[in-house]
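Hello,

Here is the structure I said I would pass on. My notes on the contact between the chains follow below.

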Amino acid sequence: MNQRSSNLLDEALGLDQVIEPWPLRGRVVAIEDQVETSGSFVLHHLLKRSLSPNSSNVTIFIAFSQPFSHYDRILRKLGCNLVSQRDNSRFFFFDMLKLQCPDGDEGITPEGGLIALYGKIHKTISALPEISWKNVSIIIDDLSLMEVAANGSSDYVLDFLHYCRTLTSEFDCSLITLNHEDIYSSEDRPTFFIQMEYLADILIKAEPLATGLATDVHGQVPKCYSCFIVG
Amino acid sequence: MAAAKTRTSTFSRNLSTAPPSHGPGLKCGPNGTVFLSSGIPDLDKILGGGFPLGSLVMVMEDAEAPHHMLLLRNFMAQGLVLGQHLLYSSPARDPRGFLGTLPSPAASKDDKSRERDPDQEKGLRIAWQYKKYFGENQLDGQRDGKHEYSNEFDLRKPLERHFINGPRIDCVSIQDSDLSTLRDRCATFLSQFPRNDGSISCAGRIAIQSFCAPQCAYSNMEWDMLSFIRSLKSMVRSSNSVAIVTFPPSLLSPSFCKRWQHMADTLLSVKAIQDEDKELAQLLTGYQDMVGFLNVHKVARINTQVPVILEATTFSIKLQKRRYLVLECLNQAPVDGSSGTSYGTSGGCSSSSKTGNLDF
């Protein structure tokens with residue numbers, strides 16, 4: 001009935017079949033990229049899949065990187081209308097471009113700012129009809145900018161992510177994040193990054209081609225780790 | 001069927017008629033973006049039209065040569081010549097002094113000298129002819145409005161006084177001021193060009209030179225500088241302007257350097273050329289004329305996820321007739337003997353007569 005073109009990425013994540021519940025339910029997906037190759041295309045693809053007409057998914061998009069118009073145009077080309085999804089309460093866009101939590105200023109501490117953000121997410125999910133609770137995706141673009149917004153307090157960002165992780169078990173949400181691997185590979189103790197990788201159930205890395213530039217192929221996604229925790 | 005507010009299909013008719021006409025120095029690009037010129041026509045071509053409005057351009061400096069100043073000068077002069085507003089910031093005590101070094105647009109009769117010297121190409125004529133036709137297809141659309149969008153600049157001729165003394169320029173010294181002052185000045189400047197859906201009457205340019213230079217009081221506050229760049233980027237995104245920030249990457253820790261690189265929409269770097277590098281001289285043609293290298297690491301992708309496909313990422317910076325800044329692809333020199341890589345000799349006409357040993 002619904003001919004959907006899927007690709008290897010869909011197959012690897014189990015998104016090529018039209019099944020309910022959504023295969024990424026209850027999972028944390030971490031997308032990693034570098035300066036040379038942006039991983040945002042994976043994010044856009046997952047966003048499109050989560051808003052597909054077959055699923056009853058609700059997506060909460062926390063944007064630190066680009067304004068709504070940017071994603072709207074891109075998703076429109078992919079065949080998904082974000083404006084109508086937003087009007088139908090299937091897509092919630094939190095514009096965090098201007099969020100800045102300076103230390104102790106006006107009572108907005110980094111911790112406070114992120115707590116408020118978490119509260120907002122929790123409130124949004126709770127306000128949904130109960131049947132939708134099991135089909136929520138939280139997408140964060142991107143984590144390194146969240147650290148900047150928190151003025152470098154990576155601990156608070158980690159706490160925030162742990163709280164979001166509880167949502168994946170409480171509400172069966174999926175959490176999809178984007179971060180830049182090459183920032184942390186040059187650090188002495190990349191605690192934040194390692195913790196994030198540990199938190200993730202599925203890790204997708206976007207890398208440039210070993211052979212350099214090519215017209216048709218912009219990069220490669222060589223690794224897609226999936227850990228199933230049986231317990 | 002009652003007219004419902006929600007659309008039933010995912011497609012909506014594009015109700016806009018003709019694309020809105022914009023002021024001088026602006027041209028429409030793909031995906032609803034509007035470009036302004038970098039001041040270097042070759043760079044505009046490489047980047048697919050110019051710098052899109054709302055983007056942040058970052059240039060990584062080379063401590064050994066001030067080539068980033070060439071980019072800044074052309075960028076600033078282009079804006080002033082076309083009536084765009086400019087905010088310039090540098091670590092110098094009096095940034096206004098730098099304005100005296102801005103170049104003037106080249107006189108139009110000199111444009112013909114831009115074409116490559118025909119005598120050199122006689123032996124290569126067939127291959128070069130094709131390239132000429134491909135180039136012309138792109139230029140045709142631009143030709144009419146060419147002087148309204150971008151100019152060739154003569155680096156030996158200073159910009160006329162009346163451009164520099166106008167009310168459209170603001171200068172800020174970042175040596176003593178702190179980041180919140182600079183942020184406020186940028187915010188005030190950018191508030192003149194809010195982004196809305198109509199036609200754009202006026203655009204702005206921000207040029208910040210050597211942002212993390214050690215003379216600046218804040219230069220050791222890494223997170224504060226990063227959050228300044230982030231807020232600058234978000235302010236620029238919601239306005240009709242382009243900001244260029246140059247910085248010396250060696251003064252930042254590697255992890256922060258990467259963070260800054262990720263912030264940029266368009267990321268360039270300049271490199272000095274060592275004098276008398278004999279190996280490089282043998283490897284590249286035209287080495288003697290090169291002043292430096294320009295690397296394009298990232299090209300802005302606003303409203304799209306499709307990257308701009310570059311022919312190459314490294315270009316040589318040359319000063320033609322010691323006046324005009326040109327960027328050229330690197331051409332590998334013909335290789336002597338049969339052990340050379342195939343690239344140098346696959347150009348057909350460019351093989352030298354000494355390659356008789358080649359067996360293909």
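How many residue pairs are in polar contact between chain B and chain A? The count is 10, with both residues at pLDDT 80 or more; a polar contact is a pair of N or O atoms within 3.5 Å, where within protein one must be able to donate a hydrogen and the other to accept it, and residues adjacent in sequence count only if both atoms are side-chain atoms.

This is a predicted model, in which local features need pLDDT of at least 70 and side-chain atom pairs count only at pLDDT 80 or more, while totals for chains, interfaces and linings use all residues. Residues are numbered from 1 along each chain as its sequence is written, chains are lettered from A in the order in which they are written, and side-chain values use heavy atoms, with hydrogens and water left out.

The interface:
- 32 residues of chain B are in contact (heavy atoms within 4.5 Å) with 41 residues of chain A.
- There are 2 salt bridges between the chains (a side-chain nitrogen of Lys or Arg within 4 Å of a carboxyl oxygen of Asp or Glu). One joins the side chains of Glu147(A) and Arg259(B), at 3.1 Å from N to O.

One residue in more detail: His44(A) is in helix α2 (residues 40–50) of chain A (helices are DSSP runs of H or I, at least four residues, numbered from the N terminus).

Regards

Methods: Helices (H or I, at least four residues) and strands (E, at least two) are DSSP runs, numbered from the N terminus.
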